[in-house]
Amino acid sequence: MNTTRNQLIELLKRNNQTFISGQELSEKLSISRTAVWKHMKELEKEGYQVQAVPRKGYRISGQPVKLSASTVKWGLRTKWAGKQLFHYPVVESTQIIGHQLAQKGLEEGTVILADEQTAGKGRMGRRWHSAKTEGIWMSMILRPPVVPHKAPQITLLTAVALAEAIESLTNIRPAIKWPNDIFFQNRKAAGILTEMQAEQDEIQYIVLGVGINVNQSLSDLPEDIQQTATSLKLETGIEWELAPLVQQILATFETYYENYLGNGFAAIKEKWEHYGYKIGEQVHVSASKQKYQAEIIGIAEDGALRVRKLDGCEENLYSAEIHW
Ligand code: BTN
């Protein structure tokens, strides 16, 4: 986003109880008063309620419901996550843009948001339905100083951050279905897609994609997922503003990520197991052409799902279908 606009938003945010004169804004931003006026008109177009009073100046009295780079920036409490933020009305996939920007060298924490994706990507080559303004379709560039085989830990960390951010805003507790789907009862509300560019022993970058169904009614979901998917609106009966959700997710993610880089995976593992779906319950496992019943115990340091078979043997699963 335009840096002058960022600074303008910061100034207005800090002074939202009082008016700031056009002169003061123009001096602080080193732009003309006409340029200040033009920026205010742009903010109005984005849905901000701008009060412009002669001889007093400008004040923002209301924020838009729409998602935009400005609405996410306004009130974002992070050090680096989302400080560089791109918002598009429609894209094929925010993952594609994430890769392009990462290859151009954009920094860790750069976020790409879209109102709509025409070819949203899910895990295992699946499509991710990403209709207009109904959810959060977001990718973030990461450059973690960890070895490539530890990348799954970052996906698990993201699932924990998502679950916690959603719970703290909505007051309903999601579960994380291994490896990283966000569930309410037996329905999926959000998913994570991690795409990595790496050398033998070094991650060049990760494009971390997060898709959250937020304001869909049942009929907004494609027929083939109506029995298995849900949205925050379906779970709570409330239409949610997207920007505060994005802010909460970025802030929670940043805290967990810094903690992980400083202190390792132990705290994430504990939190993951706190949210883990069906932990302690018997499930049906299909793995390596075998089918058996087992109890889910938790996750391993390397992100594997730990199960205990009926004969008491414990196993770590890296790729398996789990049925309940
Ligand atoms: C899954 O299959 O559970 C992962 C879904 C990930 C979807 C998100 S939406 C934003 C980003 N852009 C994409 O094309 N996919 C991810």
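# Exercises on a predicted model

A polar side-chain atom of glutamine 117 lies 2.8 Å from a nitrogen atom of the ligand. That is a polar contact (a pair of N or O atoms within 3.5 Å; within protein, one must be able to donate a hydrogen and the other to accept it, and residues adjacent in sequence count only if both atoms are side-chain atoms).

This is a predicted model: local features need pLDDT of at least 70, side-chain atom pairs count only at pLDDT 80 or more, and totals for chains, interfaces and linings use all residues. Residues are numbered from 1 along each chain as its sequence is written, and side-chain values use heavy atoms, without hydrogens and water.

**Exercise 1. Describe the surroundings of the ligand.**

Solution. 
- Step 1: Count the residues around the ligand. There are 20. A residue is near a molecule or strand if one of its heavy atoms lies within 4 Å of it.
- Step 2: List the closest. They are Ser93, Gln117, Lys121, Arg123 and Lys188.
- Step 3: Look at lysine 121. One of its backbone N or O atoms lies 2.6 Å from an oxygen atom of the ligand.
- Step 4: Turn to lysine 188. Here a polar side-chain atom lies 2.6 Å from an oxygen atom of the ligand.

**Exercise 2. Trace the pairing of strands E10, E11 and E12.**

Solution. 
- Step 1: Helices (H or I, at least four residues) and strands (E, at least two) are DSSP runs, numbered from the N terminus. Two strands pair if DSSP finds at least two bridges between them.
- Step 2: Take E10 (residues 282–287) and E11 (residues 290–299). They pair antiparallel over 6 bridges. Valine 285 stands opposite tyrosine 292 in E11.
- Step 3: Inspect the turn. The hairpin of E10 and E11 has 2 residues between the strands, and serine 288 in the turn has a positive phi of about 45°.
- Step 4: Go on to E12 (residues 305–309). It runs antiparallel to E11, with 5 bridges joining the two. Isoleucine 296 has valine 307 in E12 as its bridge partner.
- Step 5: E11 and E12 form a hairpin with 5 residues between them, where glycine 303 has a positive phi of about 90°.

**Exercise 3. Find the buried residues of helix H9 and say why they lie on the same side.**

Solution. 
- Step 1: Name them. In H9 (residues 266–275), Ile268, Trp272 and Tyr275 are buried. Buried means under 20% relative accessible area, exposed over 50%, partly exposed in between (1.4 Å probe, protein chains only).
- Step 2: Check the directions. The three cover an arc of only 65° around the axis, so they sit on the same side of H9. The arc is that of the directions from the helix axis to the C-beta atoms.
- Step 3: See what covers them. The cover includes helix H6 (151–170), strand E6 (175–177), helix H8 (242–263) and E11. Contact means heavy atoms within 4.5 Å.

**Exercise 4. Locate a cis peptide bond and two residues with positive phi.**

Solution. 
- Step 1: Most residues other than glycine have a negative phi, and most peptide bonds are trans.
- Step 2: Find the cis bond. It joins tryptophan 178 and proline 179, with omega about 0°. Proline 179 is in the loop between E6 and strand E7 (181–184).
- Step 3: Examine methionine 124. Its phi is positive, about 55°, although it is not a glycine. Methionine 124 is in the loop between strand E4 (111–117) and strand E5 (135–142). It is exposed, with a relative accessible area of 59%.
- Step 4: Examine asparagine 171. Its phi is positive, about 65°, and it is not a glycine either. Asparagine 171 is in the loop between H6 and E6. At 69% relative accessibility, it counts as exposed.

**Exercise 5. Is asparagine 215 buried or exposed, and what does it touch?**

Solution. 
- Step 1: Asparagine 215 lies in the loop between strand E9 (203–213) and helix H7 (232–236).
- Step 2: Classify it. Asparagine 215 is buried, at 8% relative accessibility.
- Step 3: Follow the side chain. It reaches the backbone nitrogen of tryptophan 240 at 2.8 Å.
- Step 4: List contacts, not counting residues up to four places away in sequence. Among them are Glu134, Asp220, Ser231 and Lys233.
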